[in-house]
Amino acid sequence: MTQWVEREGQRPVPRKVVEVLPDGTETKLGVWVSNTRARRDRLSAEQIDALRELGVEWA
């Protein structure tokens, strides 16, 4: 998510977005964001704080 925010700013992450991480692995960022948002009530305080620091409005 950090890469997305640095590159795209606060634009919403489309569900189809796949990010290539620095180690070369790929992650389906759009799916992750969607799932995390839907399950935000299960996130720890630290996880919510990290998302808020990135400017995620729903966190």
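A salt bridge here is a side-chain nitrogen of Lys or Arg within 4 Å of a carboxyl oxygen of Asp or Glu, and the structure holds three of them. Your model is predicted, so local features need pLDDT of at least 70 and side-chain atom pairs pLDDT 80 or more, while totals for chains, interfaces and linings use all residues. Numbering starts from 1 along each chain as its sequence is written, and side-chain values use heavy atoms, with hydrogens and water left out.

Start by selecting E8. Its salt bridge with R7 has the closest N and O atoms 3.2 Å apart, and the one with R11 has them 2.5 Å apart.

Now jump to R7, which also forms a salt bridge with E19, at 2.5 Å between the closest N and O atoms. This pair links distant parts of the chain, with R7 in helix α1 and E19 in strand β1, 12 residues apart (helices, H or I, of at least four residues and strands, E, of at least two are DSSP runs, numbered from the N terminus).

Select E19 next. Is E19 buried or exposed? E19 counts as buried because its relative accessible area is 7% (buried is under 20%, exposed over 50%, partly exposed in between, with a 1.4 Å probe and protein chains only). R7, at 47%, is partly exposed, and R11 is too, at 45%. Show what E19 touches beyond its neighbours within four places in sequence: Q3, W4, R7, T25, E26, T27 and L29 are in contact with E19 (heavy atoms within 4.5 Å).

Finally, select R7, E8, R11 and E19 together: salt bridges that share partners join these four into one network.
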